[in-house]
Amino acid sequence: MSFPDVFARLIAILEKHEARFVVIGVFGANYYAGSASGLFTTLDRDLFLPKDPSNLLATWRSCEESGLELFAGREPLDYPRDLDLARRVVGVSASTRASDGRVLDVDLSLTMTGFDFDTVWVSKREFEVAGTRVPVARLSHIVSSKAATGRPKDQSFLSSHAEILRRLVAEDESEVD
């Protein structure tokens with residue numbers, strides 16, 4: 001199965017399980033690109049989740065149903081993958097990762113620098129991909145968060161694509177008005 005098919009399947013299963021999430025990071029920015037020529041390269045996909053153990057558990061179950069393996073750091077996520085484990089993960093705001101080991105790596109993050117989940121959720125945009133609605137953080141939130149992290153790789157991304165990001169943010173904001 002190709003990457004778009006694997007990711008679309010995951011999104012559809014997340015929707016079926018009523019898991020709340022928004023796509024963030026460089027991959028989230030790609031939804032605003034408009035055409036293949038404007039796409040940014042990235043190795044993984046980032047989903048921002050609320051700090052809600054039940055939602056995290058629904059997300060893990062969706063990943064497993066999609067055929068993805070779950071990890072905490074480099075190690076497989078512990079068993080049993082139950083509400084107690086989800087509470088512990090949420091309690092320390094730890095990230096987990098889902099991977100098919102080939103084409104899809106998805107970081108499941110409970111934090112987004114500079115933003116809380118509800119703020120991002122309320123202003124998200126939805127894009128339709130393969131008949132499935134994909135909730136994506138506003139591009140201005142993605143750019144602001146990357147700027148606030150201060151990581152060299154984020155600063156490099158922002159400076160390398162500054163002009164196109166400014167244009168895309170302006171276009172997105174004009175659609176909100």
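Me: How many aromatic pairs does the count come to?
Reply: The count comes to six. Rings of Phe, Tyr and Trp (its six-membered ring) pair if their centres lie within 6.5 Å; planes under 30 degrees apart are stacked, over 60 edge-to-face, and the rest tilted. Keep in mind that this is a predicted model: local features need pLDDT of at least 70, side-chain atom pairs count only at pLDDT 80 or more, and totals for chains, interfaces and linings use all residues. Residues are numbered from 1 along each chain as its sequence is written, and side-chain values use heavy atoms, with hydrogens and water left out.

Me: Why is the pair of F7 and F27 edge-to-face?
Reply: Their ring centres are 5.3 Å apart and the planes sit at 80°, so the pair is edge-to-face. The pair links distant parts of the chain, 20 residues apart: F7 is in helix α1 (residues 3-16) and F27 in helix α2 (residues 25-30). Helices here are DSSP runs (H or I, at least four residues), strands are E runs of at least two, and both are numbered from the N terminus.

Me: Are those two buried or exposed?
Reply: F7 and F27 are both buried. Buried means under 20% relative accessible area, exposed over 50%, partly exposed in between (1.4 Å probe, protein chains only).

Me: And F117 with W121, why is that one stacked?
Reply: The ring centres of F117 and W121 are 5.6 Å apart with planes at 25°, so they count as stacked. Both are in helix α5 (residues 117-122), and because they are four residues apart, about one helical turn separates them. F117 is buried at 6% relative accessible area, while W121 is partly exposed at 23%.

Me: Which residues form one aromatic cluster?
Reply: F7, F27, Y31, Y32 and F127 do.

Me: Switching topic: what does the side chain of D100 reach?
Reply: The D100 side chain reaches the backbone nitrogen of L104 at 2.9 Å.

Me: Where does D100 lie?
Reply: D100 lies in the loop between β5 (96-99) and β6 (105-109). At 14% relative accessibility, D100 counts as buried.

Definitions and conventions
Polar contact = N/O pair within 3.5 Å; in protein donor to acceptor, adjacent residues only side chain to side chain.
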